[in-house]
Structures are given as C-alpha cells and as structure tokens.
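Keep it short and work from the model shown here.

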Amino acid sequence: MSGAASSAAPAGRFDNHPFIQACRGLPHDRVPVWFMRQAGRSLPEYRAIRGTGTILDAIADPDLSTEITLQPIRRYDVDAAILYSDIVVPAHAVGFGLTVTPGVGPEVERPFRHEDDLARLRPLDPEADTPYVLETVRQLVAELDRPLIGFAGAPFTVASYLIEGRPSRDYANTKAMMFANERLWHALCDRLADIAISSLQSQIDNGASAIQLFDSWAGSLSPAQYQRYVFSHSQKVMDAIADTGVPKIHFGVTTGELLPQISAVGADVVGVDWRVPLDAARERVGHGTSLQGNLDPTVVFAGAEFACEAARDVLRLNDGHPGHVFNLGHGVMPAMDPDVLTEIVKVVHEEGTVRS
Ligand code: CP3
C-alpha cells in the first residue's frame, strides 16, 4: 500500500512507529513485537482483577478492559496494544444469544441452522450496541504512547461458532451448510461481513491505529473451498476499510496452503503460524505484503534459553526484511510463564535488525 493515511485516520499519530512502519514494509530501526492473547490468564495481574463473570461482562466494563489491555504493555514493553474484547462480541451485542464459557470458548444457545436464523443477525450499530467497546478504545487511545490494534472475527470463523454452537475440531456442520446450502451460507457470511465492517470502522474512527481480521480456523479449508466460500466475504471487509489508510493484518492458523489467498483479500500484513518458515511464507505472499509471526508458542514451555534461541531462528529466517512484525504463530496460552515472554521481547528488541 502507499502508506498515505487518509485524513480520516487518527492513526496518523503513529505513522513513524516501528510497528506501523513494519506493517507497511518501510524502513525503521528495530523489529516490532507483540503477542496475540498477550492479555489474559497467563498474567497474574489479569487473574487478580478479571473477576468471576464471563469475559463478556469484563468487556462491558471499559475501565476494567482498558486496564487489562494495558497490563501486557507495562509488563513486556511490546510495541502494540490489542483491544481486550472478543470476536463474538458483535454477534452477542445484536442479540444472537451466546456466551463465552471459561475454559471452553464461545457457546451458542440455538445454533444457526436455517434461513429463519438470519433474522437473529441484524446489522450492528456500534455506538448503540457496543458503546462500552468504543469507550474502551477512546480511553486506550488517550493513555497509550504506542499503536492500538483493533480487530474483528472474519465471517468464516465467526460463522463456525454460530453454526457449530461451540468450539469444533472438524467444522462438520459449518462445512455441511457451505456445501449443501450455498445460498444460505453466503447470506450468513454477507451479514457477518457487514457486522465486521461496522465494528472495525467504529474502532478506527475512535483511534485504533491498525486492525487485525482473525480468521483463526480458515485452515480447515482447501484452497478451492476458501476461494469459493470465503474469499469474497473477507475481501469485502478489507475493501470496506481500505480508505481509512490503517494497516490491515489478516491471520489464521494452519493456513500454509492458503497464504496467497489470505494475502490477496487485501491484507497489508499476513499472519503466519509456525508451520511455515518465514522465508517460504514470503515467497507465497509476494512482495509488498508484510509478515507477522511466527514463533511456535509451545517453545515458551521449554524455558527462556530454548525460547530465545527459537526467537533468534525466526529473526534469522526473516533476514532483516523491513516487512516483519514479530509475534507468536498463535496466541499466548494460560499456563505460559510471562517471564519467558519478557525475555523473548528483549531478544527481538536487542538483536533484531532491519535492512533499509
Ligand atoms: O490479548 C488479546 O489478544 C486481546 C483479546 C482477545 C480475546 N479474544 C480475549 C479472550 C482477542 C483478540 C480474542 C479473539 C478471539 N476470540 C479469537 C481469535 C484469536 C485466536 O486465538 O485465534 C477466537 C477464536 C476467539 C474465541 C474465543 N474466546 C476462544 C477460543 C476463547 C478461549 C476459551 C478459554 O477460556 O480458553 C475465548 C475467551 C477469551 N477471549 C479469553 C480471552 C483473554 C479467555 C477467557 C477469560 O479470561 O474469560
């Protein structure tokens, strides 16, 4: 992309920050790093203030959500904050009927199965339906001295929760609907794309400096399936916010075979999991697209020495390319030792070099 942020983008404030520069593939002086799920149960300070309600209750409290978002910034000195929220918040806010069960994930009372269920997904009006999310974004933007990443779930991954009713291994119901009732599938994804667009646009309007579209489970699809059933919907989301000028990150797990498509929907940055070496990923996404990743999260369990050596391997494979945002290949897990993550951030900041 050109890097010319539109005047509508309050994000311009961090245009020279290494994270934003890396997203745009422009030269900068150190490799930026943040971690997916950097906030959350791995942090004792999170467990201390999170309370006993569901995560949806915590997200509805802007003071609490602001504090939770800031905790990993203070602890790790990562280069970007990510809004503490969840990909199912918009569907919850329009009244679809779901909760997020601790230790399980999103669970739906009545899964999406029929044409009639479309009526349960009216358009999202972010100011009216999720005022608490926008208040959190505004508080964060006022307090942060670095970029805030806003996010949304991509149509496929959100649809998978609404259709399966709970986290799934095989996405059997989701794929059955896609194959057997293609018209309903596209109608569902079209609504979810509109909801993601409204949500992302409102986060950007309130000061988010970048966005990430999470299509975490897209790797369950073949390239042909992705192309036929998913591509146009995620592309619609990316296209709709392209004018804002903020960098757009697109992420999924086990997407090695899909990387060219994950990029082609309109991403400035493609999230890569640990299964694909960064140099191979770069060939697959093509020039002009930055990469985010891709340390295997489980190395954290092997202790600081091993994890830091693995982080150096990621830096070596990137070979100083300016279009690299260091991250894990997927999220921080609750049992991880935060001190190991602190050491990884130090290695990336002290040893990561960027070619000009
Ligand atoms: O720090 C951050 O990354 C920001 C916050 C964030 C959360 N969820 C908070 C959360 C983000 C970006 C998400 C996105 C999300 N939610 C995704 C995409 C990212 C990914 O991991 O691929 C997905 C698939 C979901 C759905 C979801 N929500 C799951 C699978 C779970 C885990 C269930 C569990 O308890 O293990 C949640 C709940 C959730 N979302 C937690 C957090 C910190 C943990 C539960 C809690 O504290 O109550």
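## Cavity

A search of the whole structure finds one cavity of 30 Å³ or more. A cavity here is a set of points on a 1 Å grid, over the protein atoms alone, where a 1.4 Å probe fits but cannot get out. Its volume is the space filled by probe spheres set on the points, with grid points joined across faces, edges and corners. For the largest cavity that space is about 190 Å³.

This is a predicted model: local features need pLDDT of at least 70, side-chain atom pairs count only at pLDDT 80 or more, and totals for chains, interfaces and linings use all residues. Residues are numbered from 1 along each chain as its sequence is written, and side-chain values use heavy atoms, with hydrogens and water left out.

The largest cavity is lined by 22 residues. Lining residues have an atom within 4 Å of a point. Nearest the centre lie D86, I87, P90, A152 and S199. α5 (89-93), α7 (131-143), β4 (148-153), α8 (155-164) and α10 (182-205) each supply at least two lining residues. The largest share, six residues, comes from α10. Helices (H or I, at least four residues) and strands (E, at least two) are DSSP runs, numbered from the N terminus. By class, the cavity lining has 15 nonpolar, six polar and one charged residues. Ala, Val, Leu, Ile, Met, Phe, Trp, Tyr, Cys and Pro count as nonpolar; Asp, Glu, Lys and Arg as charged; the others, Gly among them, as polar.

The largest pocket holds about 1200 Å³ of space. Of its 41 lining residues, R37, R41, I55, D86 and V332 are the closest to the centre. The elements that give two or more residues to this lining are β2, β3 and α8. A pocket is an open set of points with protein on both sides within 12 Å along at least five of seven lines. The pocket lining has 25 nonpolar, twelve polar and four charged residues.

## Helix α8

α8 is mostly covered: ten of its ten residues are buried. Buried means under 20% relative accessible area, exposed over 50%, and partly exposed in between (1.4 Å probe, protein chains only). The buried residues of α8 include F156, Y161 and E164. Just after the helix, G165 takes a positive phi of about 90 degrees.

Strand β2 (residues 98-101) pairs with strand β3 (residues 105-108) in the antiparallel sense, over four bridges. Two strands pair if DSSP finds at least two bridges between them. L98 has V108 as its bridge partner, and T99 has E107. Three residues lie between the strands, and G103 in this hairpin takes a positive phi near 85 degrees.

Side chains alternate along β2.

## Sheet

Seven strands form an open sheet with parallel pairing, in the order β1-β4-β5-β6-β7-β8-β9. β1 (81-82) and β9 stand at the edges with a single partner strand each, so one side of each is left without a neighbour in the sheet. Within the sheet, β7 and β8 pair over three bridges.

## Helix α14

Which residues of α14 (residues 278-285) are buried? They are L278, A281, R282 and V285. Seen down the helix axis, these buried residues fall within an arc of 100 degrees, so they line one face of α14. The arc is that of the directions from the helix axis to the C-beta atoms. The buried residues of α14 pack against α13 (259-264), β7 (269-271), β8 (290-295), α15 (304-318) and β9 (324-328). G286 follows α14, with a positive phi near 85 degrees.

## P32

P32 sits in the loop between α1 (18-23) and α2 (44-49). Its relative accessibility is 0%, so P32 counts as buried. Leaving aside neighbours within four places in sequence, P32 is in contact (heavy atoms within 4.5 Å) with P18, F19, A22, D79, H324, V325 and F326. P32 and N327 are 295 residues apart in sequence, yet 8.7 Å apart in space, C-alpha to C-alpha.
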